[in-house]
Amino acid sequence: MIELRDVELDYGARVVLKQVSFMSGRGEFLGVIGPNGSGKTTLLKAISRIVPPSNGIILINDQALGNFSSLELSREMAVVPQATDPGFDFTVRDVVMMGRYPHIGSFRRERDEDREIIRKAMDTTGITHLSDRSVRAISGGELQRVIIARALAQQPRILLLDEPTAHLDLGQQMSILHAMKELSRQIAVIGVFHDLNYAAHFCDRIILLHDHRILAMGRPEDVLTQDAIRTAFGIDVMVRKNPFTGRPVISPLTKPENGRSKGGRVHVICGGGEGSDLLVGLSAAGYQVTAGVLSVNDSDYRTARMLGIPCISEPPFSPVSAGSMGELALILDETNVVVLTRGLWGAGNIGNLHVLESAKVRGIVILDSHARDGEEWDFTGGKAAAILDGLGANGAIPVREVSSAIAAVARIIEGVP
Amino acid sequence: MQKRGLFLVLLFLAVVASVLVCTAIGPAGTPFLGLAGDETSSIILFSVRLPRVIAALLVGAGLAAAGVVMQGLFRNSMADPYLLGTSSGGALGAAIAIVFLAGAFHWVLAFAGCIAATFLVYGISRKGGRIPVEQLLLTGIAVSMFLSAILSFLMYTAGKSLHQIFLWLMGGFWSTSWNDVWIGLLIVPASLSLLLFSRELNIFAFGEEDAFHLGVDIEFLKKALLLVSSFITGLAVAIAGSIGFIGLITPHLMRLVIGPDHRVLLPASMMAGGILLLFSDTLARTAGNEIPVGVVTAFFGAPFFILLLKRRYRQ
């Protein structure tokens, strides 16, 4: 159990942590995120007693951190630092065995139980095959796993990780983080993360540091909001929900080049999530984008809202109303190009096609990302297919990729044939 | 582990053999080969050669042990026992004795100079109860330079004693007696006491913060190691002046042979350092006129060291 109460820390005149208070304990994987210089690493250093706080209290199992001897503390807490520099050519096994020092001390001999513990630790981190190699002759990722194994060998009740996956490849990142997650059922794990998606995916709770204080703390879906991320990191992101885990997924949005919008109005008729990438791409390219008519329970609707794209909408499961059709017709009057995703058509959304059929726009691009050969897509008894065929005959441009759709839009707007 | 144990036993046998061989060798002849079994030869063997042989062995062992500790503490195989101003402190102490006291107590002042220099460096580096290692290193260099400046001034104004100071600076065992051996024996328990810290020294290879996370009382460790190693270096310098390269090369060489584990590295380096210095001194006293042993260790040590470095870079 670890508790921080109003912890403040400064290096001389420079304040590094302000009013930091939280508790964590066995069974929790707590993530610490924040921009560079927000105090993440310092927070870990304060908890591990490398730098003393200038104010406030840090408690481990209700005991002041300062009351522990270094040996006692090392039995409670293990730390995996951001980077490690082995001074000499110790073997991997020797280094993992150093993790037993808190229990062995200076003089006791290494027992079978110690050997069994380090064997398991090396197994968990997948470094058993490196046992006899020198820690200066292995890769950065391997060394990182050796240091994690050394921390596991300490059998701590609190494990602090400072960017534990910084030097690992994707597969190793996953296996290490899964192992940490598993471990967090029995002990408290606190990890600093650079990658917001890993924090969102693995952590039970997240602390978002900004400007040396806690900006937000709580479950990933409550902390990782568009606004919080904009405040902390100064970028616009799209936050979506991973449909399998329910955890937030964050993708950064690229800003328009030169920060200025291009001339050109583009309307997107989409649905079923097929237009999301297109909406992102078009707004990133700097066009004035509009969308709809969309049902408010459509994921494309949520994407449009997140991007701040004006969108004509209908209540869930309702067909496109006459009012919305009128609205769409008005928008299309002002629009240069319409991009249509060739999704599924039924009685609910056919209204969009009817409006489009009679609209006078400079060009129409039809994005057909999926090869739908043989798959049922027209549930309007042939009406939708007929309209699409008609659009095609009148010069609508068929494309397969989002990027080619955006390129086609650009060509139409700039008047290039 | 068994292999390492065997290596230590072999090294010990080598120490015994070296003592026998080096006591037997000398300009006056070898037992059974020209050195008669009379009283003179027994004086040569037991009052001249043997104390010198044992003193060289002890000083070599001490310098190597201190070298192991310094390299471990600074996580740098370029560190040596004189890093924290010990040799300049010792030299200044000896020079003061030579210039102002006609050489009396020169070994006492040399020892005092070594210890004083270390404490000066330690005191300057101390910051809020802690001694940051980098601070220690830089202060050591600065204090060394400062003490050397005073030494140079003394030498410049020394006049007739200059030659004596110069001889002392190069180091040697020409005046070694049994008294030096008795003092030098203190090196053995002091060096062996360093073995108590061998696990901590191993962990220290990963730096102070890691060592702290693993439960090592780093501030105590640094204090204890600095105290003991400066004591050892002080004794070595007091007996034989500041002899270079033994404390630098021996730990390096032993690490290549048996690895960095201080539980083995420390005793192995002590024995190897003793043997190296013993053979250097034997060469120094038998190669024509007595040459300062510091010249021998540097002459053979430096090229050998370069060879080691080249080999390491190639790996």
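1. What volume does the second largest pocket have? The model is predicted, and in it this pocket comes to about 670 Å³. Its lining is made up of 27 residues, and those closest to the centre are B:Arg130, B:Glu208, B:Ile218, B:Glu219 and B:Lys222.

2. Which elements of chain B each supply at least two residues of that lining? They are α2, α5 (133-156), α10 and α11 (218-240). Sorted by class, the lining of the second largest pocket has 14 nonpolar residues, 11 charged residues and two polar ones.

3. The largest cavity holds about 50 Å³. Both chains take part in its lining: A:Ser48, A:Ser70, A:Leu73, A:Ser74, A:Met77 and A:Val79 come from chain A, while B:Phe212 and B:His213 come from chain B. Two or more lining residues are given by each of α2 (70-76) and β6 (77-80) of chain A and α10 (208-213) of chain B. The element that gives the most is α2(A), with three residues.

4. How many residues does each chain bring to the contact between them? Chain A brings 35 and chain B brings 26. The size of an interface is often expressed as the accessible area lost when the parts come together. Here the area buried between chain B and chain A is about 2,500 Å², with 60% of this given by carbon and sulfur atoms. On the chain B side, B:Arg199, B:Phe206 and B:His213 lose the most area to chain A, together 28% of what that side buries. B:His213 is also one of the residues that line the largest cavity.

5. Five salt bridges are counted between chain B and chain A. One pair that meets in a salt bridge is B:Glu209 with A:Lys45, at 3.4 Å from N to O. There are also 10 residue pairs in polar contact between chain B and chain A, both residues being at pLDDT 80 or more. The side of chain B that touches chain A draws two or more residues from each of α2 (39-74), α9 (198-204) and α10 of chain B. By class, that side has 11 charged, eight nonpolar and seven polar residues.

6. Over all chains, a search of the whole structure finds 28 salt bridges. In one salt bridge, A:Arg205 pairs with A:Glu28, and the closest N and O atoms are 2.5 Å apart. This pair links distant parts of the chain, 177 residues apart: A:Arg205 is in strand β9 (residues 205-210) of chain A, and A:Glu28 is in the loop between β2 (14-24) and β3 (29-33) of chain A.

7. Most peptide bonds are trans, and most residues other than glycine have a negative phi. The peptide bond from A:Gly292 to A:Val293 is cis, with omega near 5°, and A:Val293 belongs to strand β14 (residues 288-295) of chain A. A:Gln155 has a positive phi, near 50°, and sits in the loop between α6 (140-153) and β7 (158-162) of chain A.

Technical notes:
Residues numbered from 1 in each chain as written. Chains lettered and ligands numbered in written order. Predicted model: local features only at pLDDT ≥ 70, side-chain atom pairs only at ≥ 80, totals over all residues. Heavy atoms only, no water. 1 Å grid on protein atoms, 1.4 Å probe; cavity = no way out; pocket = protein on both sides within 12 Å on 5 of 7 lines; lining within 4 Å. Points joined across faces, edges and corners; volume = space filled by probe spheres on them. Helix = DSSP H or I, 4+ residues; strand = E, 2+ residues; numbered from the N terminus. Contact = heavy atoms within 4.5 Å. Buried area = accessible area lost by both parts, 1.4 Å probe. Salt bridge = Lys/Arg side-chain N within 4 Å of Asp/Glu carboxyl O. Polar contact = N/O pair within 3.5 Å; in protein donor to acceptor, adjacent residues only side chain to side chain. Nonpolar A, V, L, I, M, F, W, Y, C, P; charged D, E, K, R; others polar.
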